[in-house]
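Reader: I am new to this structure. Please walk me through it, one question at a time.

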Amino acid sequence: MLQSPNAPRQQQPDAAPGFSAADDAQQQLSKIAPSEAEFRQLIGEENEGTLARFVDNKLSVLFWYRPPQKPDFVFGAQIALPRLGQELQAVVREVEPALRGEICVALLDDTAKPVAISHPGFHAVWKRPFVATEIGETLPHWEIGVYLLNPAKLTQSAHTLKLTLGLLIAVLLLAIGVGSWLIVADLGRQLRLARQKTDFVSNVSHELKTPLTSIRMFSELLAEGRVTDRAKHRSYLGIISAETARLTRLINNVLDFARIDRGEKKYNRQRCDLAELVRETAETYRPHLEANGFQFTCELPESPLFVHGDRDALAQVIVNLLSNAEKYSDSRKEVVLQVKSLAHPSPFAEVKVLDRGLGVPVRCGEKIFEQFYRAHDSLSNGIQGSGLGLTLARQIARAHGGDVVYETRDGGGSCFSLRLPRVDSAK
Ligand code: ADP
């Protein structure tokens, strides 16, 4: 028992077990409250409380109580801190079962020594807990610390998490990158296609108008009966028939392209002699080429070369290739048409159309087969076209199990080859 600052000090006979009575250690008491004035200052007007002080670098905790009936008396008890640690051992052991295998909980005193731990025998650098919190003012500098039983496991998990997150971010970035690239590429493709379609409409209108103008002009001249010269007469008729053929070719190409695009193109396939078909087509086209100053050579095999195909469609491919050879020839007006039978890689028939013209610009060898694509446009080269001839030629050839390919020609010019699977002559 402590006496209030203005009361005399008295002896407290019974002290609670585990606590030493304040009067038992008069010496200690004087250390806790060296002067009555100081003690009164510390407890203020309160009726009860705790008092924690460091005396000789040792923590000392005192509980005190002032009965309201006798305010001049103050009863106090000092806590035996080692005993407190033992009593709290049971509380510290109450670790959440899910975490028991992962963490150790320790009650640390003011010198960071464990006074109670959940896993007896566990050792750690007590000053470096994983997480810690102070207990409060009653026990200053006492802490509850949590330690990892297996820190390497956490490091490993953190590493795995870091790796997973890193990979996830990398994959996300990659996906965003690829997605953006695809969008931009698609946008570019759409824009190009839109531009090509516009060009196509103006090209086709022009291609339709030019032959029509010639046909109208020469037919009017003939109709007026003013052309008396027989040679001129024949030449005008030749022009009219050539321009009509050009018009027919263009209209056929546009119509066929539309049919193939809609999946409505029907082929009337039958066994036919490709050499004979090429010969007939070449002879129909020869007058036109020769009239325009071309030297036209046709190299055909002696024996028939059978393929399974639609005669009109295949003739259209050959005419498109011949017409291109003519259109894209410059000063060297030479066109060669060759038909060959080849055995490798499989038995097939090959029709080659060779010219000594402008040739296809580098890196455009495949693009020229795209719809509406023109490597030599009317603006830069003044050559009219729709950008459909080769697209159609390839589509027709592929529908027959073959292909049309482009190769540069040694010595200048182009070489286009139509390849078709050969069929047995007996079939
Ligand atoms: P176009 O109506 O423009 O001739 P095509 O589809 O037949 O359309 O040809 C596509 C492009 O391929 C042409 O615009 C031209 O640039 C190129 N090309 C086709 N044939 C030849 C050739 N024999 N020589 C050089 N370039 C050619």
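Predicted model: local features only at pLDDT ≥ 70, side-chain atom pairs only at ≥ 80, totals over all residues.

Reader: How far apart are the end C-alpha atoms of H4?
Author: The expected span of a helix is 1.5 Å times one less than its number of residues. H4 has 74 residues (151-224), so it should span 110 Å. The model agrees with this, as the end C-alpha atoms of H4 are separated by 108 Å.

Reader: Which residues of H4 are buried?
Author: Here, buried means under 20% relative accessible area, exposed over 50%, and partly exposed in between (1.4 Å probe, protein chains only). Pro151 belongs to H4, and it is partly exposed because its relative accessible area is 44%. The buried residues of H4 are Gln196, Phe200, Asn203, Val204, Glu207, Pro211, Ser214, Ile215, Phe218 and Leu222.

Reader: What is the radius of gyration of the protein?
Author: The radius of gyration is taken over C-alpha atoms, and the globule rule is 2.2 Å times the number of residues to the power 0.38. For 427 residues, a compact globule would come out near 22 Å. The C-alpha trace spans about 155 × 55 × 40 Å along its principal axes, and the radius of gyration of the protein is 52 Å.

Reader: How far is Asp56 from Gly225 in space?
Author: Asp56 sits in the loop between E3 and E4, and it counts as exposed because its relative accessibility is 64%. Along the sequence, Asp56 and Gly225 are 169 residues apart. In space, C-alpha to C-alpha, they are separated by 139 Å.

Reader: Asn57 is in the loop between E3 and E4; is it buried or exposed?
Author: That loop runs between strand E3 (48-55) and strand E4 (58-65). Asn57 has a positive phi, near 65 degrees, although it is a residue other than glycine. Its relative accessibility is 70%, so Asn57 counts as exposed.

Reader: What is the phi of His141?
Author: His141 is found in the loop between strand E8 (131-134) and strand E9 (143-148). With a relative accessible area of 48%, His141 is partly exposed. Its phi is positive, in a residue other than glycine, near 70 degrees.

Reader: Let us turn to the ligand. Which residues around it come nearest?
Author: A residue is near a molecule or strand if one of its heavy atoms lies within 4 Å of it. There are 20 residues around the ligand. Those that come nearest are Tyr328, Arg374, His376, Ser386 and Leu390.

Reader: How far is a polar side-chain atom of Arg374 from an oxygen atom of the ligand?
Author: A polar contact is a pair of N or O atoms within 3.5 Å; within protein, one must be able to donate a hydrogen and the other to accept it, and residues adjacent in sequence count only if both atoms are side-chain atoms. Tyr328 has a side-chain N or O atom 2.7 Å from a ligand oxygen, and Ser386 has a backbone N or O atom 2.7 Å from an oxygen of the ligand. For the polar side-chain atom of Arg374, the distance to a ligand oxygen is 2.4 Å.

Reader: Which element gives the largest share of the shell around the ligand?
Author: The elements giving two or more residues are H7, helix H9 (389-399) and strand E16 (414-421). The largest share, 3 residues, comes from H7.

Reader: How many residues of H7 are buried?
Author: At the N-terminal end, H7 is capped by Asp310, with a side-chain oxygen 3.1 Å from the backbone nitrogen of Asp312. H7 is mostly covered, and of its 17 residues the number buried is 14.

Notes:
Residues numbered from 1 in each chain as written. Heavy atoms only, no water. Helix = DSSP H or I, 4+ residues; strand = E, 2+ residues; numbered from the N terminus.
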